[in-house]
Amino acid sequence: MMSLKEFENRNVSEGAYYKVDIPDYPETGWEKAKQVFSRAIKGELFVGLYIVMREMIKFDIHTVQYPKEKLPIGPRYRAVHEMQRLWESGTERCIGCGLCEKICISDCIRMDTKIDEQSRKQVTEYTINLGRCIFCGYCAEVCPELAIVHGGRYENTSEQRAHYIGYEDMLTPFDMAVKGQVAEYPGFGAITPHEDERVKSTPLAY
Amino acid sequence: MSEITITIDGREIKTEEGELILNAARANDIFIPAICYLTRCSPTLACRICLVEADGKQVYACNSKSKDGMQITTSTETIEAERRAIMEVYDVNHPLECGVCDQSGECELQNYTLEVGIDAQSYAIKDTFKPVQNWGLINYDPALCIMCERCTTVCKDMIGDGALSTKPRNGDTIDETFKESMPKDAYAMWNKLNKSLIQPNAGDTLDCTDCGECTAVCPVGALVSSDFQYTSNAWELSQVPATCSHCSAGCQIQYDVKHATIDNPEPKIYRVKNEWNYVSLCGAGRYGYDFENRVEAKDEAAFANAIEAFEKADTITFDSQITNEEALILQKLKESRGYRLINDEARKFAEFMKAYSAISGTATYKTPLKAVNGANFVISVGSSIKTDNPNARFAMNNAMIMNKGAALYFHPVADPVVDDMGKNILSVNHAPMQEEAVMYLILDLFSKKEALPADVAEYLTSFHSMKTITVTETIKEKVVEIVKEMKVNEETGEEEEVEVEKSKMVPKKVDKDVEVDENRLLEIVNAPKTFETAMEKMLAKKDRFALMVGPDFYSHPNAANLARLVALVEKYTDFSVTMIPEKGNTLGVAMICDLDTEAGSSTIGYNVKGDFTLSATGNGDLDMPAMNQQEGTLTSIQLRVNPTNAALGYKGYELNDIANALGLNAKLTVDYTVKLGEIDGFKSENFDDLPNHYTNKGEEMRGYELTVNEVVTSGDESVAPFDEAAAMDEAMVYRGNPTLQFNDFTNKSHQLNETAALYVSSDYAIANELSEGDTVLVETTKGSMEFNVKIDSKIGGDIPFVPSFDSNLNSEALFNDYRFSNATIKKV
């Protein structure tokens, strides 16, 4: 058993070191060849080969045929961003508040806004540099409108390190939203259940 | 004022007797929340959040003066309860649109809501319908307004437009039960808030000089710049401290810069902000910021041509919109290569100051503009003050309101903006060329005659005469009337008519001859009949006098005599004298450059047309950086050398590159900042060591102050009499700009861009049957020019303004040096 006293001895050089049993390095060509064979050819090799053969004959294969086939992704998985629309009316949810741009720790979000014809704030351009994005999910979490969310698309192959996606790429197609084909987003950044119980009510004069 | 000691939260601090508790606390970095208070304006008492306990009594820190030994606590349980209730009230019905609001991130409502820690709401009232209003450059969203009234306060107390006021809100009354349940001050504050809204006095839109200071002071997003609205969040912008170069006020500004768009990473200026507690901007400073000269690369061919032109030239003409460093480079080029430097406007100012110093004994004028803010009797002469230097107008207005002051405004052109500044300002519209008479009048009214040089005193006496005038006086007179009355005769017992004598006092008007002193100077300067009686009222309890003289004087044919008169006024009256330099850095150029009168045969023009033109507006032979792309210093009316930084990059050549090619040697233009020390009045300071901010105390930590050097005077104080016959009384024009315009740079800004026109008052337009857009031919002895007519509600009288802000027009060619010129104006 180790005791505290041994830990208190900080002078580790006293009997604390011991030599590891390492054979000498091979020097001649013959010794080297001998070492290669003794390391490569072992009984376990054939155990492995046997298992592969056995499973092949059984035809019960679990391999996912990626990219033809993909595993389902959990709803709270954080992959490439999507921009939501309001259900039914199809209005863009993003109000251009810029919180995602501010909170982004890898500084990969940028947006341009202007005042539109109805005196509302309009997002004219919105980009995410996926080459820099670390998919931390802060943007989705901070979004007050549940506009930016993380989708399930996790493939980001690109010819360039700086790979941008724009607002249009991320936005839910208008017809899908209007047809009600988009379900209320349950994933990362959505309000947690039982939120109602935690909210304090405000008096109303109506 | 004496220094006293007060204790705030157990900390002993030194302050001055009578200083407001809030300001004393701020000066010592003690935080007292306050929303509606503006440092240089009168307390509004709208927010009531600055409650403190002074000597056991609850007072408002923004309107209570400190007394020696005062014990102040900034937070007690009741005060905290009040503050919480006040912030909850502010949050009642405040739209939850921080996400899109422009003020988000720098919003005082957001800050104080978080500071006080509001996490629940206890109050409620029905909201009213308040649609958004667009007032041109400004956008007002009444739904966001918290009725702190900072906009109306700054407009009245600082700017002098008084263009905003409160109107009834017409909402529900507050629920009775709240009166009992909520803290007292919070209820009172809510009551006030619930009664009113902000409205422009002119009706649906704003009729003012468009300074935009109301948007600067607005603590929430209710008043915002229309152009800036929804273009950027505050936290995305980076701040570049700078100095406004449009006029000589040299206001502290801050350029807010961000990339232009996602596709264009080039920096762009989104807006200009100012430290509004200590400096107020005019509209040109606030909206005229994007005048940069975008140059893609160094144009080597043009640069080679420039060097060639410089080798050949013998003259450099330039205007005063340059930094001190550039002026020093030009001066050094003159010294090393013998160029003549031509800048008539700065030369005339230098000559004026020289003539002034012959009597005053100082190289420049001695008093910065901030003395006007502290004065209680202000006179402005020789300047169309609202457009020559808006800050001088703000100072005059501020003095009138905050110091219970009065002011006299002498100028040939009637100015409705000045007249609207209150009943304590008296405008005198004298004839052009009678400025000397005005100066004599000031000497006559304010100097001690015994001290004046004998010949001046004698000359002044010659305008006085005793005159017998008939005064109508009302006296009470005893009138005896005989009235018939019915009386019972005691003997007969019958009623009979008796005559009774009755006397009563009846007021009666009598004409009376009185001997009075008549001052003919008043008639000469065209003073209103009520001048003397008005002055008597205006001068009551006045002890701090300030005089501002303006650019009309410097280009005046008798400028030297005027300068001597100005010096006499300063010497023999209680007035301090501030001179308003005409352009951005006229004072700096006048001090640094040794300017010549006659141009040579081949000229280089810098921002002025020459045989070879260097231009920061982009229409010359070689591009130069504009003021927002340059580092350097500017000399302001405050007798201060203020640093300005480059907000935007510049890829082309600058004056320093040319100077280096011509044999001078400096890596950067700002390497000349330290060399300014060679010039009398300037200091040897490195550019990078110059600060540019205000402290919590309100101290101006910007650059350094000029040293006003003494010069030897000859003791000759003679001044020439004025020529009454020289008064101009025919049709004439005035060289002056409309509000918001100063030069090509203000005009180049996208928010201020306008086509130069002949600006006339509506009275003039009616009298001459002109309407907006008519084309007229203006003819003077120097030439003629066509203009469109623009009716400007901000000018009065019958003298039209010929603008000089657009150098392409070269309207200055219409004038001799003097800013007034006889002219015939014909409709074409």
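Where is the place of A:Thr172 in chain A? A:Thr172 is in a loop, the one between helix H6 (167-170) and helix H7 (174-178) of chain A. Before I go on, keep in mind that what we have here is a predicted model.

Okay, let's stay with that threonine for a moment. Is A:Thr172 buried or exposed? Its relative accessibility is 9%, and buried means under 20%, so A:Thr172 counts as buried. And who's around it? If we skip the neighbours within four places in sequence, A:Thr172 is in contact with A:Met83, A:Gln84, A:Arg85 and A:Val182.

Now, on to where the two chains meet. On the chain A side, 26 residues are in contact with 22 residues of chain B. For chain A and chain B, that's about 2000 Å², with 57% of it on carbon and sulfur atoms. Within chain A, the residues that lose the most area to chain B are A:Arg110, A:Lys121 and A:Tyr206, and together they make up 26% of what that side buries.

What about charged pairs? The count between chain A and chain B is one salt bridge. You can find it by looking for A:Lys200 and B:Asp119, whose side chains meet at 3.7 Å, N to O. Which elements of chain A give two or more residues to the side that touches chain B? Those are helix H4 (99-103), strand E2 (109-115) and strand E3 (121-129). The largest share comes from E2(A), with six residues.

Last stop: the inside of chain B. In soluble globular proteins, nonpolar side chains tend to be buried together. The largest nonpolar core here has 158 residues, and B:Tyr255 and B:Ile442 touch the most other members. Helix H21 (residues 559-572) of chain B gives this core its largest share, nine residues.

Let's zoom in on B:Ile442. Not counting residues up to four places away in sequence, B:Ile442 touches B:Ile379, B:Val381, B:Phe410, B:Ser447, B:Leu547, B:Val569 and B:Phe575. There's a second, separate core too, with 51 residues, including B:Tyr90, B:Cys101, B:Ile118 and B:Ile146.

That's it from me, thanks!

How values were computed: Residues numbered from 1 in each chain as written. Chains lettered and ligands numbered in written order. Predicted model: local features only at pLDDT ≥ 70, side-chain atom pairs only at ≥ 80, totals over all residues. Heavy atoms only, no water. Core = buried A, V, L, I, M, F, W, Y, C linked by side-chain atoms within 4.5 Å. Buried < 20%, exposed > 50% of the residue type's maximum accessible area, 1.4 Å probe, protein only. Helix = DSSP H or I, 4+ residues; strand = E, 2+ residues; numbered from the N terminus. Contact = heavy atoms within 4.5 Å. Buried area = accessible area lost by both parts, 1.4 Å probe. Salt bridge = Lys/Arg side-chain N within 4 Å of Asp/Glu carboxyl O.
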